[in-house]
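Trainee: I would like to go through this model and ask what stands behind each label. Please show it first.

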Amino acid sequence: MNEITGYLVLSTGDVLEGKWLGEEIAAEGELVFNTAMTGYQEVMTDPSYAGQIVTMTYPLIGNYGFNDFDHESLKPSLAGLIISSPCHTPEHYQASFTLTEMVSQYKIPTLYDIDTRALTRIIRENGEVYGKITSNKQAAPKMIKVDTEVVKKVSVTKITKVKGKNTSSHLPGKGPHVVVYDYGYKHSITDTLAELGCNVTVVPYDTPPAVIKELQPEGIVLSNGPGDPKYLSYLGGHIREVTDKYPTLGICLGHQLVALAHGGQTERLPYGHRGSNHPVKDLTTGKVFITSQNHGYVVDMDSVELANWDISHINVNDRSVEGLVHRTKPVMTVQFHPEAHPGPIDTYKIFKEFLSKIPDKGEKQHA
Ligand SMILES: NC(=O)CC[C@H](N)C(=O)O
């Protein structure tokens with residue numbers, strides 16, 4: 001087994017020593033950590049991690065392998081992966097390849113044997129940390145240039161009809177036509193819509209409302225995606241127009257973009273919410289749900305005290321905004337991931353609530 005030393009050189013001046021897994025591929029990006037105990041395959045293929053070096057706080061990664069059907073996108077977009085202990089002998093009846101095969105196939109710059117607990121503390125204490133995965137421990141630990149066009153790199157470039165992967169018991173085509181704006185969508189979002197009977201069309205992130213109109217959607221989903229939501233502020237006009245016209249569900253980046261488009265503000269969280277056990281309270285029912293999350297920005301609570309919008313959900317840990325609902329229009333948004341994967345499906349009902357806002361084809365078919 002290859003045991004070549006590699007380094008994670010941080011903008012804080014810290015240098016952590018580890019070993020290369022797969023090829024020695026240098027990389028740089030923002031350091032983030034994910035606390036999920038399972039779901040590394042979905043994390044590694046979630047396009048919202050584009051440009052980021054992801055540290056998994058759970059120490060053992062790869063123990064149940066990787067399968068052919070749980071990728072959240074066609075190929076991983078994360079800048080790099082940092083783990084403690086890789087498992088080379090996975091056991092799962094559906095596993096078809098190993099962690100080393102995964103990082104080698106997709107050329108994911110990866111270091112293991114890193115002290116991920118120490119690294120997580122550095123990120124928690126410093127908030128915004130950038131780093132390089134490198135063979136050269138002298139690599140200058142500077143802030144790297146952030147990519148403001150990261151969404152463009154992960155979005156589809158053509159209007160695409162998609163089928164869900166689990167549609168055997170539901171016939172897509174009987175439910176409403178939902179158009180998904182792709183800012184870096186996770187396949188679990190379109191899979192869930194298809195499972196609920198929707199016809200699903202995915203469109204590029206910057207598709208003008210006039211083109212959307214030609215597609216005759218009955219509902220719109222604004223997807224998750226990477227980067228600072230303010231990079232897409234220039235799309236506010238598009239977003240206002242579609243949210244004025246169609247029942248809309250915004251998820252994560254989509255939620256943040258709806259807030260920005262309607263006069264709200266977003267801000268950076270001290271060190272992000274990334275994991276699969278974040279408690280969120282539904283302010284209508286008072287119930288708390290355990291949610292899957294992956295975000296570094298959040299809608300500023302004070303900025304959404306706007307006419308026409310209510311806060312529908314808040315985070316129980318830090319009281320941050322987790323959802324918005326328009327007072328008169330069928331528009332709702334959530335900061336967490338109702339499609340889960342990885343994580344619990346407690347909030348799957350968000351999709352049903354959204355579909356129930358679509359006239360005629362909503363509640364009756366999907367209740
Ligand atoms: N998963 C997402 O959509 C993330 C949204 C945004 N990029 C953030 O980090 O806050």
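Mentor: Two strands pair if DSSP finds at least two bridges between them. Keep in mind that this is a predicted model.

Trainee: What makes S3 and S9 a pair?

Mentor: Four bridges join S3 to S9. The cut-off is at least two bridges, so the two strands count as paired. They run antiparallel, and Tyr-130 in S9 is the bridge partner of Glu-30.

Trainee: Which other strand is joined to S9 by four bridges?

Mentor: Strand S1 (residues 5-10), also antiparallel to S9. Leu-8 stands opposite Ile-133 in S9.

Trainee: Why is S9 called mostly covered?

Mentor: A residue is buried if 20 or more other C-beta atoms lie within 10 Å of its own. In strand S9 (residues 130-134), five of five residues are buried. Both faces are covered, with Tyr-130, Lys-132 and Thr-134 on one side and Gly-131 and Ile-133 on the other.

Trainee: Why does Asn-67 count as partly exposed?

Mentor: Asn-67 has 14 C-beta neighbours inside 10 Å. Buried needs 20 or more and exposed needs 12 or fewer, so 14 falls in between and Asn-67 is partly exposed.

Trainee: Where does Asn-67 lie, and what is Asn-67 in contact with beyond its neighbours within four places in sequence?

Mentor: Asn-67 is in the loop between strand S5 (60-61) and strand S6 (80-82). Beyond those sequence neighbours, Asn-67 is in contact with Gln-94, Ala-95 and Ser-96. As for Val-242, 175 residues separate it from Asn-67 in sequence, and the C-alpha to C-alpha distance is 37 Å.

Trainee: What makes S10 and S16 the edges of the open sheet?

Mentor: The sheet has 10 strands with mixed pairing, in the order S10-S12-S11-S13-S14-S19-S18-S17-S15-S16. Strand S10 (160-162) and strand S16 (288-299) each have a single partner strand, so one side of each is left without a neighbour in the sheet. From one strand to the next, the twist averages 25°.

Trainee: How do you know that S18 and S19 pair?

Mentor: Three bridges join strand S18 (residues 321-326) to strand S19 (residues 331-334), and the threshold is at least two, so they pair. Their direction is antiparallel. Leu-324 stands opposite Thr-333 in S19.

Trainee: What lies across S18 and S19?

Mentor: Helix H8 (residues 253-261) does, and the strands it lies across also include S14, to which H8 runs at about 115°.

Trainee: Which residues are around the ligand, and which strand gives the most to that shell?

Mentor: The shell consists of Ser-48, Asn-224, Gly-225, Pro-226, Gly-227, Cys-252, Leu-253, Asn-294, His-295, Gly-296 and Tyr-297. S16 gives the most, with four residues. By class, the shell has seven polar, four nonpolar and no charged residues.

Trainee: How is the chain divided into domains?

Mentor: Into domain 1 (5-134) and domain 2 (150-366). Taken over C-alpha atoms, their centres are 27 Å apart. The contact takes 23 residues from domain 1 and 25 residues from domain 2.

Trainee: What supplies the side of domain 1 that touches domain 2?

Mentor: Strand S3 (27-34), helix H1 (40-45) and helix H3 (116-126) each supply at least two residues. The largest share, three residues, comes from S3. By class, that side of domain 1 has nine nonpolar, 10 polar and four charged residues.

Conventions: Residues are numbered from 1 along each chain as its sequence is written. This is a predicted model: local features need pLDDT of at least 70, side-chain atom pairs count only at pLDDT 80 or more; totals for chains, interfaces and linings use all residues. Two residues are in contact if their C-beta atoms, placed from the backbone, lie within 7 Å. Axes are lines fitted to C-alpha atoms, for helices over the stretch in contact, and angles run from 0 to 180 degrees between N-to-C directions. A residue is near a molecule or strand if its C-beta atom, placed from the backbone, lies within 6 Å of it. Ala, Val, Leu, Ile, Met, Phe, Trp, Tyr, Cys and Pro count as nonpolar, Asp, Glu, Lys and Arg as charged, and the others, Gly among them, as polar. Domain bounds come from an automatic or database domain assignment.
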